Structure formats: C-alpha cells, structure tokens
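Please look over the model below before reading the notes.

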Amino acid sequence: MTDRRSFVAWLGSLPLLRRRRSLSRAPILIEATPTALYQQPDGRNNLVRVAVTGLDAPAARARLTDRRGTLVGTAGLLPTGAGLAGELWVPLSRAAGAEFQIDVEVGKQRIGGRRVRLAPPRRWTLYWIASSHTEVGLTERHDECLELHRQNLDAALARIAAHPDFRWTAECALQLISYVENRPPAAGELLARALRDGKVGFSALFAQPLTGILDHETFARLVWPAGLFAREHGLGYQAAQLSDVPGQTLTLPTLLAASGVRYLASGVNPERAAPLLSPAEAARAQLAGGGRGEWTTYPQLYWWEGPDGSRVLHWRADQYVDGLRFGFDVDPAEMGRRLSDWLLTHPVLLSPGYPYDVALLSGAAGDNGLLDERVVANVEEFSRRFAYPRLIAARPEDFFRDVERRWGTKLPVRRGDTGCYREDGAASTAAELGRYRAAQLVARAAELLALWDEKTELRDGGAADRIEQRAAARRKMWRDLLLFGEHTWGGSAGGSDSDEAETVARWQYKRRFLDGAAAAADAQVAAALLRIGLSAAAGGGGAGAPVVSCSTPRAGREARWCTSPRARRGGSRTVAGSGRRWICPTGRRWPWRGTSPRWATWRSRKVSAHRTRRGTTARRSRRRPAPSTWCSIPRAARSARSRPVTAWSVSGRPTGRG
Ligand SMILES: [Zn+2]
C-alpha cells in the first residue's frame, strides 16, 4: 500500500468500519466547493473541495461524474475534525459552470450522493512584494537592524542567477543607502545593476515616517535621499512602500507625485486608523461583514489626490507581512488553502466595488526579518503547481502598471488624510518631541542661510570645499531628522516596560539622531551668521551683497534689539524676536530681554530713518546671488527671496533693507 488511494480503499473495507457505519443514523451532508486554485499548465481544472458530514466512518471516497455519466475524478475523504473532506481536479472552463453528480462510497458501498452545479471562481493574479519591514531599532539596536536588511540584499543579489523570476524589494531607500555605505564598492555596483535591471525593487521613501510630526521642510525631504541615491547610480523609481504606519497627512500624495513617485503600496496596521469611507458609504458598497455589524474597507485601491490635484495610485491594505500570513513559510498546499479562503471569503474582494482580478500582497518576513529561503522555494513550487492564483514575486510598480493599464480611468479618486494615529506614541517622549520641532526649524534656517554661502565665504582656494563640506553636513542633518521621525519609538518591550535596560538603550540611540541634527543645525546657523557678519564688516557685503537676517525668530519688521550690554559691547549684532532666544553672529546665544516702550519707539524711528535713507541706493545697486546659491526647493527659494533682507553695519545697526 503505497498511496493515498489504496490506503483509503483499505480503510473502507475493514469489517469493523462497516459495522459502525450501519449504526450511523445521522443524515449525510455532501458539499462541493470550487477553490480559487487552478491547475497548471492551462488553468482549466479547478481544485474542488468535497466535504461530507454525518458519516460515521474514518474514511470514504467521492466519485464525480459529469452529466453524461463519465467519471471526472475521485477524491479520498479523510477526517478533518468536522467530518471527512478531500479534493479533486474538475474541469471548469465555462463561466456558467456545469452540473456534476457526486457519489460517496465507503469501501465498495455507495453511502450517498448529490447533484451539484459548480461555477468557476475568478482567476486571480496576486502580485507579492517580497520585502522585510524596516523597524529601525525595534528588534535589535539600530545598526544591527540595518545589518539584517543588508543581509537580505546580499541574499537577493546572490539569488538572482538561480531564481531569475523572483524579485526582492527594498522596502525603503534607507535599506539601499545603508547597503552601499557599508558593503564594498563592488557589491554596491552589483546592487545598482540589479535595481537598474528590475531584478530588485526600489521603494522611494527614505524610511517609514510618522508624517504627522514632520515639519514641512523635513516632510519635503522624504524622497530626497532616494533621489540623490538614484541620480548617483543612474537609477529611476516609480513606487513607494509605507508599512506599519496607520495614516498619513493629506499632502503626502502631493509630495510623492512631485518627487517622481506614481504608486504607493501601504500596509497600515489599522487598529486605530480611520478608514477613508464613512460607515454609510461602506454599507452602500456592501462592505458590512461577518454578520456582526462590523465593516471593513481593506484592501482599498484608488487614486489618492492631494490638495493640488496631483495623484498617486494607492493600494492600502491592513497587513504588511502577507507572506507569513498566507503560509509561504509552510508549504504550497497550505499556501493554496489560505489564499483561496481569503480570495473567496473576503468581503471587499467579493463586493461589487471590487471588480478586479488582481490583488497585492506584501511582506516576506517579520519586522527586520531575514528571508527564509524556504519561502522562495515554496512560492516557486506553488507556481509550478497552480496556474491560478498566478503568484508573482514582483516589484510594486509591476502590480500598479497592470492596474493602471486595465482600470486606470475607472478607479475611484479619494482626497483627504488618513489620520495620524501612530504619532501619539511620539508624545510619550514630549520633551524630545519639542526639541525635534525646534531642531527642524533651526535646520530650515541653516538651509536658508546657506543660500549666501558663495557670497560670504572667504575667497581663497578652499572655498568650494568648505561650502561642499557644509552641504554634506546639512545632508546628514536632514537624514538624522528623518531617522528621528521614523515610526519606531522605543524597543519592542517599550510599551510594557519603558524602563527596561534594552528599551532605554535603544531610545538613547534614537535620541542621538536628534542630538546630532540639532547640534549640526545650531552650528550651521551660528557659523553662517558669523560669516555674514564678517563679510559685511569687511565690506564684502554692503550694497553689493545682500545679507540676510535669520528667519527663525521672525526677525524682520518686528525685530527688537537685544539690550544686553555684553552683546553691544562685543559689537555683536543681536536681535531678538518676541520671547525667543537668538543666535548672534559671534555664535553666542543671547536671551531676549524686553525693552521699554520709549526705547523701542526711539529705536523704531531710527531704524526706519536708516532704511529710508539707504533703501534707494541699496535697491538700485543690489545684485541677486547667482542662481546656484538659491535653494533647490522652489518654495523655499521664493520665500527666501521675498523675505525682508536686512544688512548690518559694523556698529551693529541696521543700515539697509533689500
Ligand atoms: Zn513598523
């Protein structure tokens, strides 16, 4: 007895079983259900499940015949807990389905039968983004987490030759950048080639951000590191992945579209996220599920439109580790069972609002997980066995291009934000969150002040190098700010034991990103103001070089003089916005001290007189900085241009306004 069929026949022939069967009086129920699984090579045969209840036997056999009585196939039925069940391939090529006769036998005796009509379910194509979720500092220390993602990329590059159809995708640009920075140049080149050839997927967001705590300038740089990386290596990108963050601000599609991203795949962990549909809208779309009154809108597929009308095509799912959810690490049969159950029972996929025959899965390993190579083998074996669902280990854009080509103009358009529900975790460290906001403002000031680098830098052979070094320091500053705004807040035990040693250590590591960025921003602003002051004092400024007052405390028209005698004695030009500390050109910080109304009036008249007198000549002779000195961000450049510009004399008095 070497196979299942002969084993079932032998079981059924046992005398003991015949006696027990004769004692059974329960009615026998026979069910036949087509699955979502179709046989290779042509997808004509559907795997039909036959279930029998009420039969008091350890095993049985189902015989399926067509309307003409021709035997289609047989299935051995074995215990499943609720009864007996088995599967067999049935040709289901006609959309309307066909009628069949099912007979159930135990041994050689027919126990029952039923005539059924079987209709073929949709033939699905499932695109699967094989990636590992980036949780910087959740499961291990930050650098150890990134090393795991580098190892995933090592494995992906090594796998290409033997598995040419398998695609690994870096979930965010941080994985790629970290790889190139930490592996030998040859490995970096290999990665760039794989990205260029489409063998490895490129997701353009730098990391998985909490968009609700990012200042505009930091938010605007979410794709910037990916852009720099792409330009450096001659690459392009079209898609972004965003996992484990329940919602994003309403301007995210605007930012993505403006940054060259057309497609967004998100897996949101929606335990607190507000769905985009109201309950009434969900009911209209027949999304009331489970008979318990709850409803779901996931997955969603729509054009997400920003306030300016720009759009990204957005797949919004509630999961991001689909590989493990659907048993990709178990075996192809288990994968088939779980995928089929999902495709045939999920209320969204069954609803009239989901007419598509494609869906997107994402995730091949857990948080910071290494890919188990058995997953690759199982996916490939699944595809050898089943024609449908067609399971494609793909890059995000492979799915979206297919969707856009087939349904692009018919897809719904949605506007608005999706709720910033993970941002409350950041409030658990309120002091650092406050420092983060302040550091982002100073970083913006540093970027604006850098617009005058070329005008204020000493004219010697090293000027270009010094300017570039400062630009590199600012790039690192923004990167640290982005890393601090990444969604991981504390270690995996942080929620239950925030004082646990490892949690504290990981938090301290994360805080280093904030400390580093804040220190860099402060240093850049102080040094820039000093250069500006020295440049003006040396006559390098005057009417020819516009010298800017920093925007941070909103100096401009409402600026008041610092009355600190030390500041004036030191010849420093120190102004203060209301209630804010100000960094003077000497690099010192001076607290703002209120001035008497009388003094302020006198000062205001004096300033006004100076401005009137100097304004005419200053405007006439003022030259704009060369275009290259302007910030590359159009909005920032415009705001810098339109901001009141004040030039300072040696004595620290305002002498002109551009
Ligand atoms: Zn996460």
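This is a predicted model: local features need pLDDT of at least 70, side-chain atom pairs count only at pLDDT 80 or more; totals for chains, interfaces and linings use all residues.

1. Residues are numbered from 1 along each chain as its sequence is written.

2. The protein chain holds 22 helices and 24 strands (DSSP runs, H or I of at least four residues for helices and E of at least two for strands, numbered from the N terminus). Of its 658 residues, 41% are buried (20 or more other C-beta atoms within 10 Å of the residue's own, with C-beta atoms placed from the backbone).

3. Among contacts in the protein chain with a separation of 6 or more, 73% join residues 24 or more positions apart. A contact means that the two C-beta atoms, placed from the backbone, lie within 7 Å.

4. Helix α16 (residues 430-449) packs against helix α18 (residues 463-484) at about 155°, and the axes are 11 Å apart (lines fitted to C-alpha atoms over the stretch in contact, with angles from 0 to 180 degrees between N-to-C directions). The two helices are therefore roughly antiparallel (angles over 145 degrees).

5. On the α16 side, Y436, A439, Q440, A443, A446 and E447 meet R474, M477, W478, L481 and F484 of α18. These residues comprise eight nonpolar, one polar and two charged (nonpolar: Ala, Val, Leu, Ile, Met, Phe, Trp, Tyr, Cys and Pro; charged: Asp, Glu, Lys and Arg; polar: the others, Gly among them).

6. In helix α7 (residues 224-233), the buried residues are W224, P225, A226, F229 and A230. Their cover includes α4 (173-182) and α18. G234 follows α7 and has a positive phi, near 65°.

Notes
A residue is buried if 20 or more other C-beta atoms lie within 10 Å of its own, exposed if 12 or fewer, and partly exposed in between; C-beta atoms are placed from the backbone. Angles under 35 degrees count as roughly parallel, over 145 as roughly antiparallel, 65 to 115 as roughly perpendicular and the rest as oblique.
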